[in-house]
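This report is for a reader meeting the structure for the first time. Please look over the sequence and the model before reading on.

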Amino acid sequence: MPAHLGRIFEPFFTTKPVGQGRGLGLSTVYGIVKQTGGFITVDSEVGRGATFSIYLPRFRGEVEAKSEAPPARDITGQETILLVEDEEAVRSFAARALKQRGYRVLEASGGEQALAIVKGSAGDIHLLITDVVMPSMDGPTLVRAVKRLRPEIQVIFMSGYAEEAFRRNDEKAEDLHFLPKPFGLKQLAAKVKDVLSGTPTS
């Protein structure tokens, strides 16, 4: 419908019934394209579908000569991490990656389960890594509840939509850390290491 075209790139906008769509796919694409300096347009016609056009700036810089690779950094650790993600495949991948780097990982498939783990754990939980959008209890709501119990805990939000939009929707997000999806094993481990060590991250 023409009325929908002006909103299709908004985070969480979807025409699907509740519980069947999160409205993050096109907003993720929009965020990636905008971050590269490009733009995206859409043409839609009933009976003929939709056409998306992506325009990216041409690279005009000079190709730099390859320099000697810097020494590999240490991205291992021994801290305890609470990982909250409702997508089992993503959670399994992230947990395995962190365990391989030496971390102790507590897994939860949702906010309620994560909160129960926090309340029932007598030991330290140094870092909370949580998805932003989850059924029943979303990431920001979970973080507020956990912070009341453990104000010292560090937090990393994982999300499939643009960081700028995320921070715009949560005025308290400035002090929190952000990891865009999809991410690789080394990217995840490096982010965790930076946050736990207090290294400034972008």
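What follows describes a sheet, the helices packed on it, and a surface patch.

The model is a predicted one.

**The sheet**

Five strands make up an open sheet, with parallel pairing and the order E4-E3-E5-E6-E7. At its edges lie strand E4 (104-108) and strand E7 (177-180), each of which pairs on one side only. On average, neighbouring strands in this sheet are turned by 20° against each other, direction ignored. In general, the strands of a sheet pair through backbone hydrogen bonds, in a parallel or an antiparallel way.

Strand E6 (residues 154-159) and E7 run parallel and are joined by four bridges. Opposite Pro180 in E7 stands Ser159.

**Helices on the sheet**

**A nonpolar surface patch**

Which residues form a nonpolar patch on the surface? The patch consists of Val29, Ile54 and Leu56, and together they have about 250 Å² of accessible area. Val29 is located in helix H2 (residues 25-35). Val29 counts as partly exposed because its relative accessibility is 31%, and partly exposed covers the range between the buried limit, under 20%, and the exposed limit, over 50%.

Definitions and conventions: Residues numbered from 1 in each chain as written. Predicted model: local features only at pLDDT ≥ 70, side-chain atom pairs only at ≥ 80, totals over all residues. Heavy atoms only, no water. Patch = residues over 30% accessible without salt bridge, like charges linked within 9 Å, V, L, I, M, F, W, Y side chains within 5 Å. Areas by Shrake-Rupley, 256 points an atom, 1.4 Å probe, with all protein chains shown as cover. Salt bridge = Lys/Arg side-chain N within 4 Å of Asp/Glu carboxyl O. Helix = DSSP H or I, 4+ residues; strand = E, 2+ residues; numbered from the N terminus. Buried < 20%, exposed > 50% of the residue type's maximum accessible area, 1.4 Å probe, protein only. Pairing = 2+ DSSP bridges. Axes fitted to C-alpha atoms, helices over the stretch in contact; angles between N-to-C directions.
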